[in-house]
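Open the model in your viewer and keep the sequence panel beside it.

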Amino acid sequence: MIVLAAQLAAAVALLLWSTRLIRTGVERAFMPELKSGLKRLSGNAISAAAGGSFAAMVMQSATAVALISAGFAISGMLAAQTALALVLGAELGSALMTRVLILPVDSILPFVLLIGVTAFFKANTRKTKQVGRIIIGLALVFISLGMIREATAPIGDNAIIQSIAAYFRDDLVSAYVLGAALTWAMHSSLAAVLTFATFAATGLIAAPVAAALVIGANLGGAAIPFALLWNAERPARLVVLGNLVARGCMTVVFLIILISGTVDLSLLGGNVANQVVALHILLNGTLLLVALPLTGIIIRIANATLPRHITKETPSLSALDVNALDHPPLALACAQRELLRMSETVQSILISVMHLFRNWDAEQARMIERREDEIDRMHFETKIYVSRLRENNIEPDQDKKTLEIVAMANSLEEAADRIATSLVGLAKKMSDEAITFSDEGLEDIAHFHDQIVTNGQLALSVLTTGDAEAARQLVAEKDRIRIEEQKLQERHLKRLQRGGMASIETTNIHQETLRVLKQINAALTYVAYPISEETGDLLESRLARPRTVGGTA
């Protein structure tokens, strides 16, 4: 029994890792294009929902789309109700993906896996390699589901398991709560629903119990982004709270219908697995049809529910433990954690600063300045902490690490300073002079800003994981952003040639904003340099070797 339980746990763990593998591949290869596409499709609620649905199917995660949508709302790029439409569509897309992932494709899995592995190892470009990663992830999802079926088949005959299953048949409310809790624990509604459907397919649980678990999974899935963004800016919290309220109400309605026994689940499919997946799709489709016309009302309800004035921000506890200074490895880990806190804070003000260019908000500007002061404090304390550590007799590699930490802290502080001083100052100047960017100019800047935000998220990932491939990608992004900035500057000059009044009035601010964003990106990129140097991916100099007449140096 213990061995079977371990096999089941391993299969579920592989399923979670497989879905994450797919999401990582999509984020590394297509995130800028995906976010740009979502923005283009967000002109109205219907197209926004369609875009969110497609993005969730590609990323294998409605939560990831919810986080992107919340970022759009914070920056002012999308209204909260439009961002909510994206999230509602994403939930349906994720539900549709569960139907794809329970298809019987065992016979072609070896070929799919071979294609994915070959693409990953033999790729000549970064995107091709990530496509290989995505294909591998898809194959592993099907393999993990097969492992779950194999592990649960013998468990179903156990007397204890049968008694637990019988209990839940008589208490569907508890099954509903359990489904929400398990989904929260797994942090993936897609993986949770696939797991429940596989349990049902093997006869481990009855159809009503599986249905209650799946309904609960929808509530748990909505709670994940709500918890992740609880401390985010108000627009983000409005979006995820609106989704939680709408989804919570719909799951309660479906649970009542299930308990009443008025619906025959066999109408939804020929076997139990298909029935519960169809129920999952039906719930999300119904929610989209009902809630999409009411997104404005849902956001107003969420706005009335959230407190108008949040408690004043208090500085979080420092990760710099002075008691660890006598243990260099532990002290270095403390300094690394402080860098993570700095990076997270920089990312938060980078996301929110774009809103000031659309609508000046003095309180939000003061919030950015307060957080920049906090970054300054972390920067100063990190340098003092590292200098005290260097007073001890530390190893050469540890000494090198201290220099890298200080250099990365310097770069993060520089990025924060350019956000809080340069960008906020430019937005304030526009407000004082009562001028606005042209529609095309604002779109260019918003798109460029969004690319910097994406790279900021990648920088945070590099700091967290130390992944060499992500570091290589981040360094490559520095050159791409430089080229992109040049293209946008050229586009602005062409608008000036056309004589647009808005472009003429804001030309200096427009060009300076692009330049500052490029500098912020360069500062964020620096966190990848130490890793890239260790792996040999970073050249010592970008300059060509000097040559003299005659070809000799």
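A nonpolar core here is a set of buried Ala, Val, Leu, Ile, Met, Phe, Trp, Tyr and Cys residues joined through side-chain atoms within 4.5 Å. Buried means under 20% relative accessible area. The model is predicted.

**Stop 1: the core**

Select Ile368, Ile419, Leu423 and Ile520. These are the residues with the most contacts inside the largest nonpolar core, which has 167 residues. Which helix gives this core its largest share? Colour H14: 15 residues of the core come from this helix, the largest share.

Stay on Ile368 and show what surrounds it. Leaving aside neighbours within four places in sequence, Ile368 is in contact with Ile349, Ser352, Val353, Leu356, Ile419, Ala420 and Val424. One of these, Ile419, is also among the core residues with the most contacts.

**Stop 2: H3 against H14**

Now select residues 62–75, helix H3, together with residues 328–358, helix H14. Their axes are 6 Å apart and the packing angle is about 40°. Because angles under 35 degrees count as roughly parallel and the roughly perpendicular range is 65 to 115, H3 is oblique to H14.

Show side chains where the two helices touch. On the H3 side are Gly71, Ile74 and Ser75; on the H14 side they meet Ile351, Ser352, Met354, His355 and Arg358. By type, the residues of this contact are three nonpolar, four polar and one charged. Ser352 of H14, which takes part in the contact with H3, is also in contact with Ile368.

**Stop 3: serine 174**

Go to helix H8, residues 172–186, and pick Ser174. Is this serine buried, partly exposed or exposed? Ser174 has a relative accessible area of 24%, so it is partly exposed; the cut-off for buried is under 20%.

Not counting residues up to four places away in sequence, Ser174 touches Tyr167 and Phe168.

**Stop 4: the whole chain**

Zoom out and switch to a cartoon. The protein has 21 helices and zero strands. Its radius of gyration is 26 Å, close to the 24 Å that the globule rule gives for 553 residues, so the protein is as compact as a globular protein of that length. Along the principal axes, the C-alpha atoms fill a box of roughly 80 × 55 × 55 Å.

Colour by accessibility: 52% of the 553 residues count as buried. Among contacts with a separation of 6 or more, 81% join residues 24 or more positions apart.

Note on methods. Residues numbered from 1 in each chain as written. Predicted model: local features only at pLDDT ≥ 70, side-chain atom pairs only at ≥ 80, totals over all residues. Heavy atoms only, no water. Axes fitted to C-alpha atoms, helices over the stretch in contact; angles between N-to-C directions. Helix = DSSP H or I, 4+ residues; strand = E, 2+ residues; numbered from the N terminus. Parallel < 35°, antiparallel > 145°, perpendicular 65-115°, else oblique. Contact = heavy atoms within 4.5 Å. Nonpolar A, V, L, I, M, F, W, Y, C, P; charged D, E, K, R; others polar. Buried < 20%, exposed > 50% of the residue type's maximum accessible area, 1.4 Å probe, protein only. Rg over C-alpha atoms; globule rule 2.2 N^0.38 Å.
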